[in-house]
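Please look at the sequence and structure shown here before reading on.

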Amino acid sequence: MFDVELRLPNRPGKLAKFGEAMGRARLSIEGGGMFTCGDESRAHFLFEDGAAAKRAAESAGIEVIAVRRALVRQLKQDRPGQLGAIARALADAGVNIETQYSDHANRLILIVDDPVAAERVTSAWAPA
């Protein structure tokens with residue numbers, strides 16, 4: 001899975017334009033979200049084919065900041081404190097979490113600065 005990071009102006013219709021572009025390209029969005037601060041929005045969306053999503057977004061005039069492999073993990077939902085536990089494991093390994101959201105299957109999606117270390121220290125949360 002790949003995280004596609006976008007910069008969108010904070011104006012009506014910009015998210016619609018993105019969603020329509022993905023629809024025309026027949027690309028399914030697997031998870032993500034958008035967050036606004038002032039005049040700018042940052043969006044992170046999850047795709048199986050990050051390169052195709054980037055091409056579709058750029059062809060629609062949408063700025064793509066980055067396409068990165070996502071770390072997909074499954075928290076043990078019946079145990080309180082799971083987000084803290086996985087975040088602590090990453091912090092103790094010196095890994096910075098840059099982005100966190102959930103996908104449509106309720107899995108934790110992490111974008112980190114050291115994917116190799118993150119993969120190693122979070123293996124207990126790997127999806128079955």
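## Charges

In this predicted model, the mean positions of the 17 positive and 17 negative charges of the protein chain lie 2 Å apart, where Lys and Arg count as positive and Asp and Glu as negative, with His and the chain ends not counted. Each charge is placed at NZ of Lys, CZ of Arg, CG of Asp or CD of Glu.

## Salt bridges

The chain has nine salt bridges, the term meaning a side-chain nitrogen of Lys or Arg within 4 Å of a carboxyl oxygen of Asp or Glu. One of them joins glutamate 63 and arginine 7, at 2.9 Å from N to O; glutamate 63 lies in strand β4 (residues 63–69) and arginine 7 in strand β1 (residues 2–9), so this pair ties together parts that are 56 residues apart in sequence.

Arginine 68 pairs with glutamate 98, their closest N and O atoms being 2.5 Å apart. Glu5, Arg7, Glu40, Arg42, Glu63, Arg68 and Glu98 are linked in a network of salt bridges.

## Overall build

From the N terminus on, the elements run β-α-β-β-α-β-β-α-β-β-α, helices (H or I, at least four residues) and strands (E, at least two) being DSSP runs numbered from the N terminus. The C-alpha trace spans about 40 × 30 × 25 Å along its principal axes.

## Basis of the values

Residues are numbered from 1 along each chain as its sequence is written, and side-chain values use heavy atoms, leaving out hydrogens and water. Local features need pLDDT of at least 70 and side-chain atom pairs count only at pLDDT 80 or more, whereas totals for chains, interfaces and linings use all residues.
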